[in-house]
Amino acid sequence: MSLSAMLKSAPALGLALALGAAPQASAQDKTIELKLSHWVPPTHPLQKTMEEWGADIEKASGGTIKYKIFPSQQLGKAFDHYDMARDGIADFTYVNPGYQPGRFPIIAAGELPFVVGQAKGGNRAIDAWYRKYAATEMKDVKYCFSFVLDPVAWHSKTKKIMVPSDIKGMKIRPAQATIAAWMTLLGGTNVQASATEVRDVMDKGVAEAVTFPWGSVPLLGVDKVTKYHMDAPLGSVMFQWLMSPRTYNAMSAAQKKVIDDHCTTDWAAKFADPWADFEHAGIEKIKAMPGHEVYTISNEQLAEWKASAEPLKKKWADDVKRAGGDPDTIMKELQASLAQYKAGF
């Protein structure tokens, strides 16, 4: 071969060598079946999302990574799902960090009322912002991605909640720890219950009102125990999709790459955007239900709610400082990410 021909073929040869060097799942890799655990019923939109995510991993791995989904707390309680990933009880778990007050102070920034305004952009915004902090705040697990809930609203059994003073003396099931702290400030009593337990605690009178996303009200039977629904968003709930580090470390390099390729900000959106659409559509569903009253509040009343939530920001900042973080920087970065994806209030 002439020198010129060799030079012309060099880029193609280099590309071929590079492609050959890249890890690719093969039949030689040990087959792994992932246990994917969540705590909502199999009728929930997340079930279908997990099936699609798992199927894409199976295809990308050449069939060497398979999966099985365990819904409805089959492998453990909703409150235990972070520790289940840490301890290898499940290989992937659906986690609400707000179920454990004080344990994850940085991600709690997204739980503050009137911060995350919508879920579709919020799924990307929260994951893109939190990735660098997850490595330390959730160091016991292999971080995959974060996503958020379409903003929650008030749903109550006995009366219309209009202003913060209406909470005094009420028994409230909050959506997460920051809202729980808010209810305490307003003179309410918090009732701890996972999303799937809300209907039961309200039916028994243990709770009188709940902060909940709209689509999940009929999905989880909460429409059977509520009558009044405030059409005003309060804030969001943070979620993580987390992996057992033990399982990840047991994989081949090629299999690890498949997992990494499915633990991205783009996948956070693919995973959770359909759920956001489902929840948002619930507003019109409940408006059409007989025996239910969907109501609005005035700008002045909304201003009261926002003012009542201000002390939560200081509490959050103090919690972050105690954990060694810089709350001013963290909040600026979060607000910038929300602005980038048009997901703030």
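Predicted model: local features only at pLDDT ≥ 70, side-chain atom pairs only at ≥ 80, totals over all residues.
Let me begin with W129, which is buried, at a relative accessible area of 4%.

A pair of aromatic rings is described by the distance of the centres and the angle of the planes. In total, the structure holds 25 aromatic pairs. What is the geometry of the pair formed by W39 and F239? Their ring centres are 6.5 Å apart and their planes meet at 50°, so this pair is tilted. The two residues come from distant parts of the chain, 200 residues apart: W39 is in the loop between β1 (32–37) and α2 (45–60), whereas F239 is in strand β10, residues 238–243. W39 counts as buried at 2% relative accessibility, and F239 counts as buried at 3%.

Returning to W129 and Y133, their ring centres are 6.2 Å apart with the planes at 50°, so that pair is tilted too.

Next, the cluster. W39 and F239 are among the members of one aromatic cluster, which also includes W53, F79, F92, Y94, Y99, F145, F147, W241, F271 and W275.

Finally, I turn to charges over rings. The charged end of K142 sits over the ring of Y248, at 4.3 Å from the ring centre. For K270, the charged end sits over the ring of W267, 4.6 Å from its centre.

Definitions and conventions
Residues numbered from 1 in each chain as written. Heavy atoms only, no water. Phe/Tyr/Trp six-rings, centres within 6.5 Å; stacked < 30°, edge-to-face > 60°. Helix = DSSP H or I, 4+ residues; strand = E, 2+ residues; numbered from the N terminus. Buried < 20%, exposed > 50% of the residue type's maximum accessible area, 1.4 Å probe, protein only. Lys NZ or Arg CZ within 6 Å of the ring centre and 35° of its normal.
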